[in-house]
Amino acid sequence: MPEIVEAGMWGLVAGSALLLGALVGYGLRVPRWLVAYVMAFGAGVLLSAVSFELVAEAYDEGGLAPAAIGTVGGAVAYTAGNVWLARRGARHRKRSGSRKQPSESEQGGSGLALALGALLDGVPESAVIGVGLLKGGAVSLVTVVAVFISNVPEGLSSSAGMKRAGRGKAYVFGVWGAIALASTVSAVLGYAVVGGLSTTVVAAVTAVAAGAILAMIADTMIPEAFEDAHLAIGLITVCGFLVSFALSHA
């Protein structure tokens, strides 16, 4: 199988978790504490993947400067995009609880902002899958698992919040279906576009994705989990971290 096709396939696998979570969140009444526990676990998995698969890899490939500059740059870019979207109604896009998403009547344009927010969260995760194929021709299982696990609670919580805000089934599944496809394209572009660049630039791009993911974890995943998991969040996050760590060293 051509590696570019493999990149798209793995991107689709990771993105399909959003649809899986959306199906559960929209169709079933999932306890908020369970969503929070899964979100905390997913945050721990992503934290480990970012540490051992992305930032460490960027450092090994390009040295400290590209790794540090790329990580900070990714965090700045994500934060800037998140601030812009928050002002347009997407601040609580991962929430299904007390701080609910606004309906379109409450804040015009919030539906589009929610969709763009989901895209902002998903693209960096999928891009690193494609970039990972550039090294040795094998996708990082840890990265795919981490993205998949983190995407399930995101789709679940967000779709439940969209339903509570009065958004219809066509809108909810249209958004998550489009993001799953965007994840596929992002993984392909991560492989195709970055493939012709120097090792230092590849390291910097990997670090940019890592910084964006770290900012997303701190700004959206952990606050969502803490809202309902409270004191249990630390233990659950550590469990997710250790599972991902064990996979990366298996």
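This is a predicted model: local features need pLDDT of at least 70, side-chain atom pairs count only at pLDDT 80 or more; totals for chains, interfaces and linings use all residues.

Me: Which element gives the largest share of the lining of the largest pocket?

Reply: The elements that give two or more residues to this lining are α1 (3-27), α2 and α5. By class, the lining divides into 6 nonpolar, 4 polar and 4 charged residues. The largest share is 5 residues, and the element they come from is α5.

Me: How do α2 and α5 run relative to each other, roughly parallel or roughly antiparallel?

Reply: Helix α2 covers residues 32-62 and helix α5 covers residues 141-164, and their axes are 8 Å apart. They pack at an angle of about 150 degrees. Angles over 145 degrees count as roughly antiparallel, so α2 and α5 are roughly antiparallel.

Me: What residues make up the contact of α2 with α5, and how do they divide by class?

Reply: On the α2 side, the residues include Val35, Val38, Met39, Phe41 and Val45. They meet a set in α5 that includes Val142, Ala146, Val147, Ile149 and Leu156. Glu53 in α2 and Glu154 in α5 also belong to this contact. By class, the residues divide into 13 nonpolar, 4 polar and 2 charged.

Me: Is the crossing of α1 and α5 left-handed or right-handed?

Reply: The axes of α1 and α5 come within 6 Å and cross at roughly 30 degrees. Their contact has 15 nonpolar, 7 polar and 2 charged residues. As for the hand, α1 passes α5 in a crossing that is right-handed.

Me: Why are α2 and α7 described as roughly antiparallel?

Reply: Helix α7 spans residues 199-229, and its axis and that of α2 are 8 Å apart. The two helices pack at an angle of about 160 degrees. The cut-off for this label is an angle over 145 degrees, and therefore α2 and α7 are roughly antiparallel.

Me: And what is the hand of the crossing of α2 and α7?

Reply: The contact of α2 with α7 has 24 nonpolar, 4 polar and 5 charged residues. The crossing of α2 and α5 is left-handed. For α2 and α7, the crossing is left-handed.

How values were computed. Residues are numbered from 1 along each chain as its sequence is written. Side-chain values use heavy atoms; hydrogens and water are left out. Axes are lines fitted to C-alpha atoms, for helices over the stretch in contact, and angles run from 0 to 180 degrees between N-to-C directions. Helices (H or I, at least four residues) and strands (E, at least two) are DSSP runs, numbered from the N terminus. Angles under 35 degrees count as roughly parallel, over 145 as roughly antiparallel, 65 to 115 as roughly perpendicular and the rest as oblique. A crossing is left-handed if the near helix is turned anticlockwise from the far one by less than a right angle, and right-handed if clockwise. Contact means heavy atoms within 4.5 Å. Ala, Val, Leu, Ile, Met, Phe, Trp, Tyr, Cys and Pro count as nonpolar, Asp, Glu, Lys and Arg as charged, and the others, Gly among them, as polar.
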